[in-house]
Amino acid sequence: MKHLFVDNMPLLGILLGILFGFALYYAGATNRIFIINMLKLKNLTLMKIILLGIGFGMVLTYLGMIFKIIPMEHFSIKVMNLGVIFGAGILGVGFGIIGLCPGTAIASFGAGYLKAIYVILGGLVGSFLFTLSYPVLKSIGLFEEIFGGKTSLIFISEKYNFLYEGTPWIGVFVGVIIIVISLALPYNVETKKRW
Amino acid sequence: MKPSWIPKGLFLGFVFFVSILLVKPIGVSTQYSVTSGIIHSVIEKDIVVQKGKEYTSRIEYYNQDGIARSIANPYNFSMVFIAGVFIGGTLGRIFFLKNKYFIKENEKLEKDSISRMRLFIGGVILLYGARMAGGCTSGHMMSGVMQLSLSSIIFTVVLFPIAIFIAKKVGE
């Protein structure tokens, strides 16, 4: 059975994609009203879910590194450049306007919110406009590596720079802290009700 | 009854972990570049050329992140993953069809009056920014922060205040 997955990446891709799409629906992240209410700070439930997801994922990932069950080449640290900062800002504007992201738009469309197709079509146009403008953006230095390029906070492997060598246990610890923050964050700013 | 948020968060985190464990971190936005590139390659046939085992393109950006290769061979893990995300959304809807909480949330979504134009323009901005940043909320905010990637942490710290500011300003 092992080879069915290892040798057939597309099959694994569709299974993981299904899990991810299902997780997004279950979390409520396919509902743009729910997301907008988080961004307006009216209902922080989704923020708690996201933080818990990041924290729990971090704990599992770093435990996986400590016990060597995750192959090191599976880690992938993205490069740091000015594009990350400006791109995050531009993405934030789009996210604030519509309340959907590239991934949640697709899951949302699958879940029957048919208007999400306009986000997906817009996304194809947006990514093509980026492709066309890439040479110009590159020429003004937007993609020059800064802060060491592919850098992580603690040492992962020889492939990446790091700020502090530390041990992977720090990753587990940071994950636990994020989980605690997710538990402590109020459901909404007014009532401070936590559970 | 409103389902607890805790299993939702744990499930979400678990899926991201499983993906790193088995293949690589989850990311979505690159596939928008690949798909628009595929459409581009239908219109202009010689966009991607094969040299031995390598695929190159005269469009500079397609030579990044293996995009040229994916344009030539779209049947790969990341593209099929996107089809899975769509199916997963559908299955989620079906699985929770009789759940009162999800019924109520979906009713709110059905009353949604946002214009198609705004969704389209939002989508353009979203992906332009995501490609510039090298990832989106999945690849940077979730997968990247989980690995303690510096660029992803900076990405998230910039993204949220701006999204919150815009959501409050734009209003609905």
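How many salt bridges are there between chain B and chain A? In this predicted model, the count is 2. In one salt bridge, the side chain of B:Glu60 meets that of A:Lys138, with 3.0 Å from N to O. Polar contacts also cross the interface of chain B and chain A, where 28 residue pairs are found, both partners at pLDDT 80 or more.

On the chain B side, several helices take part. Helix 1 (5-22), helix 2 (30-43), helix 4 (77-95), helix 5 (100-110), helix 6 (116-133), helix 7 (137-146) and helix 8 (150-170) of chain B each give at least two residues to the side that touches chain A. Helix 1 of chain B has the largest share of that side, with 18 residues. Sorted by class, the side of chain B that touches chain A holds 67 nonpolar, 30 polar and 13 charged residues.

Chain A brings 115 residues to the contact and chain B brings 110. About 10500 Å² is buried between the two chains, and carbon and sulfur atoms give 77% of this area. Of the area that chain B buries against chain A, 8% comes from B:Trp5, B:Met132 and B:Leu148, more than from any other three residues.

Conventions
Residues are numbered from 1 along each chain as its sequence is written. Chains are lettered from A and ligands numbered from 1 in the order in which they are written. This is a predicted model: local features need pLDDT of at least 70, side-chain atom pairs count only at pLDDT 80 or more; totals for chains, interfaces and linings use all residues. Side-chain values use heavy atoms; hydrogens and water are left out. Contact means heavy atoms within 4.5 Å. Buried area is the accessible area (1.4 Å probe) that two parts lose on being put together, summed over both. A salt bridge is a side-chain nitrogen of Lys or Arg within 4 Å of a carboxyl oxygen of Asp or Glu. A polar contact is a pair of N or O atoms within 3.5 Å; within protein, one must be able to donate a hydrogen and the other to accept it, and residues adjacent in sequence count only if both atoms are side-chain atoms. Helices (H or I, at least four residues) and strands (E, at least two) are DSSP runs, numbered from the N terminus. Ala, Val, Leu, Ile, Met, Phe, Trp, Tyr, Cys and Pro count as nonpolar, Asp, Glu, Lys and Arg as charged, and the others, Gly among them, as polar.
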